[in-house]
Amino acid sequence: MSRVSVRIRELAIRATGYHNPMKRWMRISLIVIATVLGLIFASGVVIRSLVKGSLKDWFIASLEARTGTKVTIARADFDLLRWFIFRPAVTLHDVSMSNPAGFPSGTLLQAKIVTARVALLPLFRRRVQVESMAANQANIIVEADDHGHTNLEVFLRRVSGRRVPASKTAGAANGPSPPPKKEAAFAIDDLRVTSGTLTYRGTKDVYLSDIGVHLRGLCKDQPCQLEASAKLLGGKVSSLKVDGRIGPFAPDSLPLNGKMLLTLALSELPAELRRERFGAVLAAPGDKARVIVESSIKGDVYQTVGGPAKLTLASILIGGHPDRLMPLSGEAPGTITTTTLMTNPEFKIEIPDANLQLGTGHWKGSANFRLLGKAIGGDARGAIRDVEINQFLSTFTAVRGKIYGLLAMPSSTLRFAGANGEEITASFAGDAKLSVTEGRLSMLDFAATLRKVLGRASDSTEGTPGNTAFSTLTADLTIAAKTINVANLLMEGSSIRLTGSGVIHFDHTIEFDVVARVDSGALSKIAKIGPLHLPSISADVPLTITGTLESPKVRPKFGKLAKGAAQGTFRVE
């Protein structure tokens, strides 16, 4: 063989790679990979066109049939990058679901972006089987129908597999389209909602933002794992967290078992809402004021959910004026119960034994609170000790600077109910035994007032401004119909002893019948300047006290004075 032939053969072998098997298989592998990637890309383009077209329409019809709502999707995209790793995903833009039938035309749910990871093989059979779904910037608008059912409740029951009775759905103009022959498969293993909001139409104090929900193992015949959180009141601190297990989802049952943490920063409640719902009690609760409820909850969301709880009140300032506030704090065990959460929710908190710091003293007792819609009700029983009475009265009433001393209530009860502060105040009812020690009345000077009403210096019945010191004041109180009835009143001091009964109205008007026993020292100052000659010994002076707490009027009961004189107690000129 010539040298030229040998050289040509070597070049041919080098060109075909026969001399190097590794290079040959590498080239074959590259060709196969390129072919496969090309097929994947081509199939992805085909599926993408289907998703944007017929599959999108079919998917919408399936959702409408399953949810009983009108569904709109602005745009649907197929993620080609995920398709290359055989994790096909569909992205839906500007998704909205209308209200179920039976509710006013409107939207139940809106979501900016919904990403769904779908099963691979069903796609080739023109079916969409959702494995996981994530919704971003979802907004839920909850409203109730004439029967008290919410659109969210009807939606969940429909998704759970039962069609809502016609009586609850008739009359809607935005009912769903007729269901397709086949419904989409919703075996969702993982569902996430991020940056969501929830508003209750018509109720300005129910608003949840920054909602995060994670459900694992959803829509199976067993409970799924739930992690949920939300910000409340549009604030940064107020929040709700729930961790546990929920399901299985059924038309008439939704079991829930987990733990709940509710944190309320009272300063994040709008001032207008605080005034409307609580009157003047929470005028300036403080930036650090917190109400925290920790609870283990168990039950059925459609019926009753509840469990043991711990209530924590921290750094709360109560009172109607920023300059006259009383601190309230402490912890108390109790139970929390919620009924018909999805329809017309009612919340109850029962506290059987609490010991809370109230101002400089303490309140020890039990309490129950109920919240149904806007209506708040409750009752409390207990005892108060070592509280400054002026601080106490200026916190819960408009009475300020009229009486000072150390307050104790060995027993007390209070009931209230209403939808706003005014109704709650008007509903106050209860009773108490009151004791004040080492105090003073600052509404009038009794000795100077007696000189006015019994002496010749003046016939005025206006109480003389000033102070009346006392060592002990006791009374039995009954509250009803915006009135405080005072019985068994006894006030004792170094120079005067007062007994009697009367009424204090919430508008500050007063009506009292009292008997003032004045000692000989006080009597000696008025015995010879009035129309009555009083002996230089202690004497009982019957009086009526009327007017207002700010401007009391004092009058002697002359009929009783004359009777006393006939018996030798008084001598009349």
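Reply: In this predicted model, helix H8 spans residues 271-278, and its buried residues are Leu273, Arg274 and Arg277. Viewed down the axis of H8, these buried residues fall within an arc of 100°, so they line one face of the helix. The arc is taken over the directions from the helix axis to the C-beta atoms. Buried means under 20% relative accessible area, exposed means over 50%, and partly exposed is in between, with a 1.4 Å probe and protein chains only. Helices (H or I, at least four residues) and strands (E, at least two) are DSSP runs numbered from the N terminus.

The other side of H8 carries Glu272 and Arg275, both exposed. After the helix comes Gly279, with a positive phi near 65°. The packing partners of the buried residues of H8 are E14, strand E15 (375-388) and H10; a contact means heavy atoms within 4.5 Å.

Residues are numbered from 1 along each chain as its sequence is written. For a predicted model such as this one, local features need pLDDT of at least 70 and side-chain atom pairs count only at pLDDT 80 or more, while totals for chains, interfaces and linings use all residues; side-chain values use heavy atoms, with hydrogens and water left out.

Aromatic contacts come next. Rings of Phe, Tyr and Trp (its six-membered ring) pair if their centres lie within 6.5 Å; planes under 30 degrees apart are stacked, over 60 edge-to-face, and the rest tilted. Two aromatic pairs turn up in a search of the whole structure. One of them joins Phe369 and Phe416, a tilted pair with 6.5 Å between centres and 45° between planes. Because Phe369 is in strand E14 (residues 361-372) and Phe416 in strand E16 (residues 403-418), this pair ties together parts 47 residues apart in sequence. Phe369 is partly exposed at 35% relative accessibility, whereas Phe416 is buried at 17%. Phe416 also pairs with Phe428: the ring centres are 6.5 Å apart and the planes lie at 80°, so this pair is edge-to-face. Phe428 sits in the loop between helix H10 (421-427) and strand E17 (429-441) and Phe416 in E16, so the tie here is between parts 12 residues apart in sequence. Phe369, Phe416 and Phe428 form one aromatic cluster.

A charge is also placed over a ring: Arg440 lies over the face of Tyr404, 4.3 Å from the ring centre. The criterion is NZ of Lys or CZ of Arg within 6 Å of the ring centre and within 35 degrees of the ring normal.

E15, one of the elements that the buried residues of H8 pack against, covers 375-388. The side chains of Asp386 and Arg385 meet in a salt bridge, 3.3 Å from N to O. A salt bridge is a side-chain nitrogen of Lys or Arg within 4 Å of a carboxyl oxygen of Asp or Glu. Asp386 is partly exposed at 34% relative accessibility, and Arg385 is partly exposed at 43%. The search of the whole structure finds 10 salt bridges.

As for the whole, the protein chain has 13 helices and 25 strands. Of its 573 residues, 40% are buried. Among contacts with a separation of 6 or more, 54% join residues 24 or more positions apart.
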